[in-house]
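Here is a short briefing to read beside the model. Have the sequence and the 3D view open as you go through the points.

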Amino acid sequence: MSSDTLAQTAAAPDSPEHADDSLRIVPRRRLGQWTAAVLVLALLALAVNSVVRNEAFQWDVVADYFTSDAVLRGLWLTLWLTAVVMALGFALGTLLAAFRLSANPVLRSVSWGYVWLFRSIPILVQLLLWFNIGALYPRILGVKTVDLFGPVTVAIIGLTLHEAAYAAEVVRGGILSVDRGQIEAAQALGLSRWRRWWRIVLPQAMRSIVPPAGNMLIGTLKGTSIVSVIAVQDLLYSAQLVYHRTYQVIPLLMVATVWYTIVTSVLSLGQHYVEKHYARGSERTR
């Protein structure tokens, strides 16, 4: 052993106390992060205080109308319309996705054209076109179009056709995310086409479908407020009817805002658990 090595060995601390002192870890100071956090909390406190203590919001009026019959009827119609549009939209969207993935060039072209058209036209324009369909077709199968297409029916048709275009791309993306080798393995095992889709493709595709589908559900819930322009008495329209009579605009808008916030929060929570269910066994499970 050389003299330098012996000198280093002799200089090294023998006791655990010396070893701990030499390896002590000094925590990193995060002054910027703490300063930013304090600043954000202070601004948030000021914002909350301004909302709570601002008399212009008239929170007593908000409490009076929050569970009124008119508002609850509008809320129920909003929830019902959202459920119907999402169910019909995803049913049609799934069919369009199947067409897009088909080997038939005609079906692929029709599906692509549908998605292109209904994603290109703003939803408000679509609703107004359907609401005025009587100008183009006064009668359908001998029935007056005015009698056939009421405001609620127009809202369902317009929103469903719009949502189906986006649902088709969501479903198609989910299906394409499944590894092709697993489908080929299922074919090699002799599984029928239905069992391959139901047991192999769909459970794995749902991991990619659920997050954007959840976003679409929340977007549809909020998007139903646009049907107020065609006199469908949803949550927003019901609030408007009240403040047109009482001139209490801000409190009634806050009633609608709070209800939308509550429902979207519940839907977001449900989306979290559905995502967790379909993420079982994956590396990204939380």
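The protein chain has 13 helices and 2 strands, where helices (H or I, at least four residues) and strands (E, at least two) are DSSP runs numbered from the N terminus. This is a predicted model, in which local features need pLDDT of at least 70, side-chain atom pairs count only at pLDDT 80 or more, and totals for chains, interfaces and linings use all residues. Residues are numbered from 1 along each chain as its sequence is written, and side-chain values use heavy atoms, leaving out hydrogens and water.

**Confidence**
- The mean pLDDT (the predictor's confidence in each residue, from 0 to 100) is 84 for the protein chain, with 90% of its residues at 70 or more.
- Residues 6–12 have pLDDT below 50, and this stretch has 1 contact in the model beyond near neighbours in sequence.

**Packing and surface**
- Of the 286 residues in the protein chain, 31% are buried, that is, under 20% relative accessible area with a 1.4 Å probe, counting protein chains only.
- Taking contacts (heavy atoms within 4.5 Å) between residues at least 6 apart in sequence, 75% join residues at least 24 apart.
- Carbon and sulfur atoms account for 64% of the accessible surface, which totals about 18,700 Å² for the protein chain (Shrake-Rupley method, 1.4 Å probe).

**Aromatic pairs**
- You will find 5 aromatic pairs in the structure; rings of Phe, Tyr and Trp (its six-membered ring) pair if their centres lie within 6.5 Å.
- Trp-112 and Trp-116 form a stacked pair, 6.3 Å centre to centre with 5° between the planes; stacked means planes under 30 degrees apart.
- Both Trp-112 and Trp-116 sit in helix 6 (residues 105–120), 4 residues apart, about one turn of the helix.
- Trp-112 is partly exposed, at 48% relative accessible area; partly exposed lies between the buried limit of 20% and the exposed limit of 50%.

Methods:
Phe/Tyr/Trp six-rings, centres within 6.5 Å; stacked < 30°, edge-to-face > 60°.
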